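I opened my notebook to go through one model, topic by topic.

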Amino acid sequence: MTEFTIASFNVKNLIETDQEYYKFERYTPEEHAWKQSWLADQVLTMNADIICFQEIFSQAALRDVLAEADAAGIAANDANIPDPSRRYARKAIFRKLAYEPYADAPLAFAANANDGAPGQRRPGLAVVSRHGFVGQPTIIQDLETPLVIPFGADGQFVMRRLSRPILRVRVPIGGQIVTVFNCHLKSKLGEFDNPDGLPVPPAADLTNYDPAARALGSLRAGLRRMAEAWVLRRAIIDDLEQGNPVMVLGDFNDGEHAVSTEIISGEAPFKNYAWMRRHDAKHSGDRYKDHENDQIQADITRFRLHSAEKLFVRKSARDMVYTSAFGGVFESIDQIFMSHHFLPENPDRIGQMSYFSALNDHLTDGSHPEAPYNKLASDHGQIMAHMTLRDAE
(Lines give C-alpha, C1' and ligand atoms only; values in the text may rest on other atoms or scores of the structure.)
Protein backbone atom coordinates (compact mmCIF):
# COMPACT_ATOMS: atom_id res chain seq x y z
CA MET A 1 0.00 0.00 0.00
CA THR A 2 1.21 3.50 -0.81
CA GLU A 3 0.01 6.57 1.07
CA PHE A 4 0.09 10.12 -0.25
CA THR A 5 -1.53 13.45 0.46
CA ILE A 6 -2.81 15.99 -2.05
CA ALA A 7 -3.93 19.53 -1.23
CA SER A 8 -5.42 22.67 -2.75
CA PHE A 9 -4.17 26.08 -1.59
CA ASN A 10 -5.39 29.46 -2.86
CA VAL A 11 -2.64 31.69 -1.49
CA LYS A 12 -4.33 35.03 -2.27
CA ASN A 13 -2.11 37.10 -4.56
CA LEU A 14 1.43 35.81 -4.11
CA ILE A 15 3.99 38.16 -5.65
CA GLU A 16 7.32 39.72 -4.67
CA THR A 17 7.55 42.81 -2.47
CA ASP A 18 6.79 46.26 -3.91
CA GLN A 19 5.23 44.82 -7.07
CA GLU A 20 1.88 46.37 -8.00
CA TYR A 21 -0.37 43.48 -8.97
CA TYR A 22 -3.82 45.09 -9.01
CA LYS A 23 -4.27 48.85 -9.20
CA PHE A 24 -2.74 50.47 -6.09
CA GLU A 25 -2.22 47.03 -4.51
CA ARG A 26 1.28 45.95 -3.45
CA TYR A 27 3.10 44.51 -0.41
CA THR A 28 5.60 46.49 1.61
CA PRO A 29 8.72 44.50 2.61
CA GLU A 30 7.23 43.98 6.07
CA GLU A 31 3.85 42.85 4.72
CA HIS A 32 5.52 40.53 2.24
CA ALA A 33 7.72 38.97 4.94
CA TRP A 34 4.65 38.37 7.12
CA LYS A 35 2.68 36.85 4.24
CA GLN A 36 5.55 34.61 3.14
CA SER A 37 6.04 33.40 6.71
CA TRP A 38 2.31 32.69 7.12
CA LEU A 39 2.13 30.77 3.83
CA ALA A 40 5.25 28.79 4.71
CA ASP A 41 3.73 27.84 8.06
CA GLN A 42 0.60 26.56 6.32
CA VAL A 43 2.71 24.53 3.88
CA LEU A 44 4.65 23.11 6.83
CA THR A 45 1.43 22.20 8.64
CA MET A 46 -0.02 20.44 5.59
CA ASN A 47 3.24 18.72 4.61
CA ALA A 48 1.38 17.46 1.54
CA ASP A 49 3.04 15.37 -1.16
CA ILE A 50 1.23 17.25 -3.92
CA ILE A 51 -0.02 20.84 -3.59
CA CYS A 52 -2.10 22.65 -6.17
CA PHE A 53 -1.62 26.41 -5.73
CA GLN A 54 -3.86 29.18 -7.08
CA GLU A 55 -3.27 32.95 -7.39
CA ILE A 56 0.45 32.69 -8.12
CA PHE A 57 1.79 35.80 -9.85
CA SER A 58 5.42 34.76 -9.52
CA GLN A 59 7.01 31.32 -9.58
CA ALA A 60 10.05 32.74 -7.77
CA ALA A 61 7.86 34.04 -4.92
CA LEU A 62 6.35 30.57 -4.51
CA ARG A 63 9.81 28.97 -4.42
CA ASP A 64 10.71 31.40 -1.63
CA VAL A 65 7.68 30.23 0.35
CA LEU A 66 8.65 26.58 -0.13
CA ALA A 67 12.25 27.34 0.87
CA GLU A 68 11.08 28.99 4.11
CA ALA A 69 8.79 26.03 4.80
CA ASP A 70 11.73 23.68 4.19
CA ALA A 71 13.97 25.58 6.60
CA ALA A 72 11.32 25.42 9.32
CA GLY A 73 10.57 21.77 8.55
CA ILE A 74 14.20 20.70 8.71
CA ALA A 75 14.57 22.52 12.05
CA ALA A 76 11.46 20.72 13.32
CA ASN A 77 12.87 17.38 12.19
CA ASP A 78 16.11 18.07 14.07
CA ALA A 79 14.12 18.83 17.21
CA ASN A 80 11.40 16.20 16.96
CA ILE A 81 12.69 13.17 15.06
CA PRO A 82 14.86 10.84 17.16
CA ASP A 83 18.31 9.71 16.10
CA PRO A 84 18.26 6.26 14.39
CA SER A 85 20.23 4.88 17.32
CA ARG A 86 17.28 5.42 19.64
CA ARG A 87 15.39 2.21 20.31
CA TYR A 88 12.06 3.92 19.63
CA ALA A 89 13.19 5.70 16.45
CA ARG A 90 11.17 3.42 14.16
CA LYS A 91 7.81 4.16 15.78
CA ALA A 92 5.14 5.10 13.23
CA ILE A 93 4.42 8.40 14.98
CA PHE A 94 7.81 9.74 13.95
CA ARG A 95 7.17 8.91 10.30
CA LYS A 96 3.99 10.95 10.57
CA LEU A 97 5.77 13.85 12.28
CA ALA A 98 8.67 13.99 9.82
CA TYR A 99 8.69 16.82 7.28
CA GLU A 100 9.95 16.07 3.77
CA PRO A 101 11.49 19.14 2.06
CA TYR A 102 10.36 20.31 -1.37
CA ALA A 103 13.87 21.30 -2.48
CA ASP A 104 14.04 18.42 -4.97
CA ALA A 105 10.34 18.37 -5.81
CA PRO A 106 9.60 19.62 -9.34
CA LEU A 107 7.29 22.62 -9.69
CA ALA A 108 4.95 23.10 -12.64
CA PHE A 109 3.83 26.69 -13.26
CA ALA A 110 1.16 28.05 -15.58
CA ALA A 111 1.38 31.78 -16.16
CA ASN A 112 -1.85 33.59 -17.00
CA ALA A 113 -2.17 34.58 -20.66
CA ASN A 114 -4.13 37.64 -19.46
CA ASP A 115 -1.23 38.86 -17.30
CA GLY A 116 -0.45 42.51 -17.97
CA ALA A 117 1.55 45.52 -16.86
CA PRO A 118 1.95 46.52 -13.19
CA GLY A 119 -1.49 47.28 -11.78
CA GLN A 120 -3.06 45.00 -14.39
CA ARG A 121 -1.52 41.69 -13.37
CA ARG A 122 -3.42 38.39 -13.51
CA PRO A 123 -2.40 35.33 -11.46
CA GLY A 124 -1.56 31.83 -12.63
CA LEU A 125 -1.36 28.37 -11.09
CA ALA A 126 1.30 25.96 -9.87
CA VAL A 127 1.64 22.35 -8.75
CA VAL A 128 4.51 21.01 -6.65
CA SER A 129 4.93 17.23 -6.45
CA ARG A 130 7.33 15.20 -4.33
CA HIS A 131 6.54 12.29 -6.67
CA GLY A 132 7.59 14.25 -9.74
CA PHE A 133 5.73 14.29 -13.05
CA VAL A 134 5.37 12.05 -16.07
CA GLY A 135 5.76 13.97 -19.31
CA GLN A 136 5.27 17.69 -19.67
CA PRO A 137 2.52 19.65 -17.90
CA THR A 138 -0.36 20.76 -20.09
CA ILE A 139 -1.76 24.29 -19.90
CA ILE A 140 -5.28 25.01 -21.14
CA GLN A 141 -6.23 28.67 -21.60
CA ASP A 142 -6.14 29.83 -25.21
CA LEU A 143 -8.53 27.52 -27.03
CA GLU A 144 -7.35 26.21 -30.41
CA THR A 145 -10.99 25.92 -31.39
CA PRO A 146 -13.17 28.59 -29.76
CA LEU A 147 -15.99 27.33 -27.59
CA VAL A 148 -19.25 28.23 -29.34
CA ILE A 149 -22.47 27.77 -27.38
CA PRO A 150 -25.45 28.21 -29.75
CA PHE A 151 -28.76 29.54 -28.51
CA GLY A 152 -30.72 28.83 -31.67
CA ALA A 153 -32.40 31.89 -33.13
CA ASP A 154 -31.20 33.93 -30.12
CA GLY A 155 -27.55 33.88 -31.20
CA GLN A 156 -24.52 32.32 -29.55
CA PHE A 157 -21.87 32.73 -26.83
CA VAL A 158 -18.25 32.45 -27.96
CA MET A 159 -15.22 32.01 -25.68
CA ARG A 160 -11.66 31.95 -27.03
CA ARG A 161 -9.67 32.25 -23.79
CA LEU A 162 -10.27 31.24 -20.18
CA SER A 163 -9.95 33.89 -17.47
CA ARG A 164 -7.22 31.77 -15.86
CA PRO A 165 -5.31 28.71 -17.03
CA ILE A 166 -6.08 25.10 -16.20
CA LEU A 167 -2.94 23.12 -15.33
CA ARG A 168 -2.85 19.37 -16.03
CA VAL A 169 -0.04 17.16 -14.72
CA ARG A 170 0.54 13.40 -14.58
CA VAL A 171 1.91 12.15 -11.26
CA PRO A 172 3.49 8.69 -10.74
CA ILE A 173 2.52 7.25 -7.35
CA GLY A 174 2.95 3.69 -6.11
CA GLY A 175 3.03 2.12 -9.54
CA GLN A 176 0.04 4.16 -10.73
CA ILE A 177 -0.08 7.37 -12.76
CA VAL A 178 -2.75 9.83 -11.64
CA THR A 179 -3.87 12.78 -13.75
CA VAL A 180 -4.21 15.92 -11.61
CA PHE A 181 -6.03 19.03 -12.79
CA ASN A 182 -5.53 22.36 -10.99
CA CYS A 183 -8.07 25.07 -11.79
CA HIS A 184 -9.28 28.51 -10.70
CA LEU A 185 -12.57 29.32 -12.40
CA LYS A 186 -13.97 32.79 -13.06
CA SER A 187 -15.03 34.51 -9.85
CA LYS A 188 -18.49 35.85 -9.05
CA LEU A 189 -17.15 39.38 -9.45
CA GLY A 190 -19.30 41.06 -12.10
CA GLU A 191 -17.99 41.32 -15.65
CA PHE A 192 -19.21 44.72 -16.78
CA ASP A 193 -19.62 45.87 -20.35
CA ASN A 194 -17.86 49.05 -21.49
CA PRO A 195 -18.92 49.66 -25.12
CA ASP A 196 -17.79 53.30 -25.15
CA GLY A 197 -14.29 52.55 -23.86
CA LEU A 198 -14.66 54.73 -20.79
CA PRO A 199 -11.94 54.65 -18.08
CA VAL A 200 -14.38 52.74 -15.84
CA PRO A 201 -17.40 50.67 -16.98
CA PRO A 202 -20.63 52.54 -16.10
CA ALA A 203 -21.90 49.65 -13.94
CA ALA A 204 -18.76 49.93 -11.75
CA ASP A 205 -19.73 53.48 -10.73
CA LEU A 206 -21.51 52.93 -7.43
CA THR A 207 -22.42 56.62 -7.16
CA ASN A 208 -24.74 56.01 -10.12
CA TYR A 209 -25.95 52.62 -9.01
CA ASP A 210 -27.47 50.56 -11.82
CA PRO A 211 -28.82 47.29 -10.36
CA ALA A 212 -29.85 45.84 -13.73
CA ALA A 213 -26.43 46.44 -15.28
CA ARG A 214 -24.70 44.95 -12.24
CA ALA A 215 -26.97 41.91 -12.38
CA LEU A 216 -26.04 41.53 -16.05
CA GLY A 217 -22.38 41.63 -15.00
CA SER A 218 -23.04 38.73 -12.64
CA LEU A 219 -24.76 36.86 -15.47
CA ARG A 220 -21.67 37.31 -17.69
CA ALA A 221 -19.40 36.08 -14.89
CA GLY A 222 -21.62 33.07 -14.26
CA LEU A 223 -21.81 32.18 -17.95
CA ARG A 224 -18.03 32.44 -18.28
CA ARG A 225 -17.51 30.30 -15.16
CA MET A 226 -19.84 27.60 -16.50
CA ALA A 227 -18.15 27.71 -19.91
CA GLU A 228 -14.75 27.31 -18.25
CA ALA A 229 -16.16 24.41 -16.24
CA TRP A 230 -17.20 22.73 -19.49
CA VAL A 231 -13.70 23.16 -20.97
CA LEU A 232 -12.30 21.49 -17.85
CA ARG A 233 -14.96 18.78 -18.05
CA ARG A 234 -14.04 18.00 -21.65
CA ALA A 235 -10.37 17.58 -20.65
CA ILE A 236 -11.38 15.32 -17.75
CA ILE A 237 -13.46 13.14 -20.08
CA ASP A 238 -10.47 12.76 -22.43
CA ASP A 239 -8.43 11.29 -19.55
CA LEU A 240 -11.25 9.09 -18.28
CA GLU A 241 -11.81 7.69 -21.77
CA GLN A 242 -8.16 6.58 -21.71
CA GLY A 243 -8.77 4.83 -18.39
CA ASN A 244 -6.67 7.30 -16.40
CA PRO A 245 -7.44 7.91 -12.70
CA VAL A 246 -8.28 11.60 -12.27
CA MET A 247 -8.21 14.10 -9.41
CA VAL A 248 -9.42 17.68 -9.86
CA LEU A 249 -8.48 20.38 -7.36
CA GLY A 250 -8.75 24.12 -7.10
CA ASP A 251 -10.86 27.17 -6.52
CA PHE A 252 -14.17 26.47 -8.26
CA ASN A 253 -15.62 29.80 -7.05
CA ASP A 254 -18.89 27.95 -6.50
CA GLY A 255 -20.33 25.41 -4.09
CA GLU A 256 -20.68 21.69 -4.71
CA HIS A 257 -24.27 21.94 -5.95
CA ALA A 258 -23.75 24.93 -8.26
CA VAL A 259 -24.31 24.30 -11.96
CA SER A 260 -20.66 25.03 -12.79
CA THR A 261 -19.46 22.45 -10.24
CA GLU A 262 -21.97 19.87 -11.47
CA ILE A 263 -20.68 20.42 -15.01
CA ILE A 264 -17.20 19.47 -13.78
CA SER A 265 -18.32 16.46 -11.73
CA GLY A 266 -20.85 15.15 -14.22
CA GLU A 267 -24.48 14.29 -13.60
CA ALA A 268 -25.64 11.96 -10.85
CA PRO A 269 -27.37 8.87 -12.21
CA PHE A 270 -31.10 8.38 -11.70
CA LYS A 271 -31.90 5.50 -9.34
CA ASN A 272 -33.53 3.32 -12.00
CA TYR A 273 -33.90 4.34 -15.65
CA ALA A 274 -36.31 1.45 -16.20
CA TRP A 275 -38.85 3.71 -14.47
CA MET A 276 -38.19 6.52 -16.96
CA ARG A 277 -39.96 7.02 -20.26
CA ARG A 278 -37.56 6.63 -23.18
CA HIS A 279 -36.12 9.67 -24.97
CA ASP A 280 -37.73 8.35 -28.20
CA ALA A 281 -40.93 7.02 -26.64
CA LYS A 282 -43.67 5.95 -29.05
CA HIS A 283 -46.38 5.61 -26.38
CA SER A 284 -46.88 6.49 -22.67
CA GLY A 285 -45.58 3.15 -21.37
CA ASP A 286 -42.46 3.06 -23.57
CA ARG A 287 -39.69 2.96 -20.93
CA TYR A 288 -36.02 1.93 -20.84
CA LYS A 289 -35.35 -1.81 -20.53
CA ASP A 290 -33.44 -3.29 -17.57
CA HIS A 291 -30.32 -3.94 -19.65
CA GLU A 292 -30.45 -0.35 -20.94
CA ASN A 293 -30.69 0.88 -17.34
CA ASP A 294 -27.53 -1.09 -16.51
CA GLN A 295 -25.72 0.40 -19.50
CA ILE A 296 -26.78 3.98 -18.68
CA GLN A 297 -25.80 3.58 -15.02
CA ALA A 298 -22.36 2.26 -15.99
CA ASP A 299 -21.74 5.01 -18.56
CA ILE A 300 -22.67 7.84 -16.19
CA THR A 301 -20.70 6.36 -13.28
CA ARG A 302 -17.61 5.91 -15.44
CA PHE A 303 -17.40 9.62 -16.17
CA ARG A 304 -18.61 11.00 -12.84
CA LEU A 305 -16.33 12.68 -10.27
CA HIS A 306 -16.89 12.62 -6.51
CA SER A 307 -16.27 15.24 -3.83
CA ALA A 308 -13.57 14.31 -1.31
CA GLU A 309 -15.29 16.53 1.25
CA LYS A 310 -18.62 14.76 0.86
CA LEU A 311 -17.01 11.31 0.92
CA PHE A 312 -15.41 12.27 4.22
CA VAL A 313 -18.55 13.83 5.74
CA ARG A 314 -20.51 10.74 4.74
CA LYS A 315 -18.39 8.52 6.98
CA SER A 316 -17.66 10.97 9.80
CA ALA A 317 -19.53 12.94 12.43
CA ARG A 318 -18.38 16.24 10.96
CA ASP A 319 -21.23 18.26 9.52
CA MET A 320 -19.52 21.50 8.50
CA VAL A 321 -16.56 22.11 6.24
CA TYR A 322 -15.95 25.53 4.70
CA THR A 323 -13.13 27.16 2.76
CA SER A 324 -14.54 30.66 2.32
CA ALA A 325 -16.29 33.16 4.59
CA PHE A 326 -17.74 36.46 3.45
CA GLY A 327 -20.77 38.52 4.36
CA GLY A 328 -22.07 35.92 6.78
CA VAL A 329 -21.84 33.07 4.25
CA PHE A 330 -19.54 30.17 5.12
CA GLU A 331 -19.18 27.77 2.19
CA SER A 332 -16.83 25.43 0.39
CA ILE A 333 -15.70 26.84 -2.95
CA ASP A 334 -12.36 25.01 -2.97
CA GLN A 335 -12.76 21.41 -3.98
CA ILE A 336 -11.05 18.07 -4.40
CA PHE A 337 -12.90 15.76 -6.79
CA MET A 338 -11.84 12.26 -7.76
CA SER A 339 -12.86 9.67 -10.32
CA HIS A 340 -14.47 6.29 -9.63
CA HIS A 341 -10.99 4.76 -9.39
CA PHE A 342 -10.91 5.99 -5.76
CA LEU A 343 -14.45 5.16 -4.62
CA PRO A 344 -14.52 2.80 -1.59
CA GLU A 345 -17.54 0.93 -2.98
CA ASN A 346 -15.80 0.30 -6.33
CA PRO A 347 -14.38 -3.26 -6.28
CA ASP A 348 -11.91 -2.29 -9.01
CA ARG A 349 -10.64 0.80 -7.19
CA ILE A 350 -6.92 1.53 -7.22
CA GLY A 351 -7.16 3.22 -3.83
CA GLN A 352 -9.34 5.39 -1.64
CA MET A 353 -9.33 8.38 0.68
CA SER A 354 -8.62 7.65 4.33
CA TYR A 355 -9.01 11.16 5.74
CA PHE A 356 -9.81 14.75 4.75
CA SER A 357 -8.28 17.83 6.37
CA ALA A 358 -9.44 21.44 6.25
CA LEU A 359 -7.28 24.28 7.58
CA ASN A 360 -9.77 27.10 8.02
CA ASP A 361 -9.26 28.51 11.52
CA HIS A 362 -7.71 31.66 10.01
CA LEU A 363 -10.87 32.56 8.09
CA THR A 364 -12.99 35.42 9.39
CA ASP A 365 -16.32 36.55 8.05
CA GLY A 366 -15.83 39.67 5.93
CA SER A 367 -18.23 41.57 8.18
CA HIS A 368 -16.32 40.62 11.33
CA PRO A 369 -14.42 43.44 13.09
CA GLU A 370 -11.19 41.41 12.99
CA ALA A 371 -11.36 40.72 9.26
CA PRO A 372 -9.06 43.59 8.15
CA TYR A 373 -6.23 42.20 10.27
CA ASN A 374 -6.25 39.01 8.23
CA LYS A 375 -5.79 40.70 4.85
CA LEU A 376 -2.29 39.29 4.34
CA ALA A 377 -3.32 35.71 5.04
CA SER A 378 -5.19 33.73 2.46
CA ASP A 379 -8.93 34.31 2.29
CA HIS A 380 -9.35 30.60 1.54
CA GLY A 381 -9.08 27.53 3.69
CA GLN A 382 -6.70 24.81 2.61
CA ILE A 383 -8.04 21.32 1.98
CA MET A 384 -6.15 18.04 1.80
CA ALA A 385 -7.09 14.47 0.95
CA HIS A 386 -5.16 11.62 2.58
CA MET A 387 -5.05 8.80 0.03
CA THR A 388 -4.07 5.13 0.17
CA LEU A 389 -3.25 3.32 -3.06
CA ARG A 390 -3.27 -0.42 -3.63
CA ASP A 391 -0.02 -1.84 -4.91
CA ALA A 392 -0.05 -2.15 -8.69
CA GLU A 393 -0.19 -5.74 -9.88
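The entries below follow the order in which I looked things up.

**Entry: the model**

I am working from a predicted model.

**Entry: aromatic pairs**

I began with the rings. How many aromatic pairs does the structure hold? I noted 12 aromatic pairs. I then looked at Phe 9 and Trp 38. Their ring centres are 6.5 Å apart and their planes stand at 65 degrees, so I logged the pair as edge-to-face. This pair links distant parts of the chain. Phe 9 is in strand S1 (residues 2–14), Trp 38 is in helix H1 (residues 29–46), and 29 residues separate them. I checked burial next. Phe 9 has a relative accessible area of 0%, so it is buried. Trp 38 comes out at 14% and also counts as buried.

My next pair was Phe 312 and Phe 356. The centres lie 6.0 Å apart with the planes at 35 degrees, so this pair is tilted. It too links distant parts of the chain, with Phe 312 in helix H7 (residues 308–314) and Phe 356 in strand S13 (residues 351–359), 44 residues apart. Phe 312 and Phe 356 are both buried.

I also wrote down a cluster. Ring pairs link Tyr 21, Tyr 22, Tyr 27 and Phe 57.

**Entry: a charge over rings**

I turned to Arg 130. Which rings does it sit over? One is Tyr 99, where the charged end of Arg 130 is 5.6 Å from the ring centre. Another is Tyr 102, where Arg 130 lies over the face at 4.2 Å from the ring centre.

**Entry: Ser 58**

I looked up Ser 58 in the loop between strand S2 (50–56) and helix H2 (59–80). Is it buried or exposed? Ser 58 has a relative accessible area of 9%, so I marked it buried. I then searched for its polar partners. The side chains of Ser 58 and Glu 16 are joined by a polar contact of 2.6 Å. A polar atom of the Ser 58 side chain also lies 3.1 Å from the backbone nitrogen of Ala 61.

**Entry: salt bridges**

Side chains of opposite charge can pair when their charged atoms come close. I counted 12 salt bridges in the structure.

I picked out Asp 115 and Arg 121 among them. Their side chains meet at 2.7 Å, N to O. Asp 115 has a relative accessible area of 30%, so it is partly exposed. Arg 121 has 16%, so it is buried.

Next came Glu 191 with Arg 224. The closest N and O atoms of this salt bridge are 2.9 Å apart. Glu 191 lies in the loop between strand S7 (176–184) and helix H4 (211–241), and Arg 224 lies in helix H4, so the pair ties together parts that are 33 residues apart in sequence. Glu 191 is partly exposed, at 23% relative accessibility.

I then followed Arg 225. Its side chain meets that of Asp 254 in a salt bridge of 2.8 Å, N to O. Arg 225 is in helix H4, while Asp 254 is in the loop between strand S8 (246–251) and H5. The two are 29 residues apart, and I noted the pair as a link between distant parts of the chain. Both Arg 225 and Asp 254 are buried. What else belongs to this network of salt bridges? I found Lys 188 linked in with Arg 225 and Asp 254.

**Entry: backbone angles**

Most residues other than glycine have a negative phi. I looked for exceptions and wrote down two residues.

Phe 24 has a positive phi of about 70 degrees and is not a glycine. It sits in the loop between S1 and H1.

Asn 47 has a positive phi of about 55 degrees, and it is not a glycine either. I found Asn 47 in the loop between H1 and S2. At 17% relative accessibility, Asn 47 counts as buried.

**Entry: a nonpolar patch**

Which residues make the nonpolar patch? Phe 270, Trp 275 and Met 276 make it, and its area is about 300 Å². I placed Trp 275 in the loop between helix H5 (259–265) and helix H6 (290–303).

Notes: Residues numbered from 1 in each chain as written. Predicted model: local features only at pLDDT ≥ 70, side-chain atom pairs only at ≥ 80, totals over all residues. Heavy atoms only, no water. Patch = residues over 30% accessible without salt bridge, like charges linked within 9 Å, V, L, I, M, F, W, Y side chains within 5 Å. Areas by Shrake-Rupley, 256 points an atom, 1.4 Å probe, with all protein chains shown as cover. Salt bridge = Lys/Arg side-chain N within 4 Å of Asp/Glu carboxyl O. Helix = DSSP H or I, 4+ residues; strand = E, 2+ residues; numbered from the N terminus. Phe/Tyr/Trp six-rings, centres within 6.5 Å; stacked < 30°, edge-to-face > 60°. Buried < 20%, exposed > 50% of the residue type's maximum accessible area, 1.4 Å probe, protein only. Lys NZ or Arg CZ within 6 Å of the ring centre and 35° of its normal. Polar contact = N/O pair within 3.5 Å; in protein donor to acceptor, adjacent residues only side chain to side chain.
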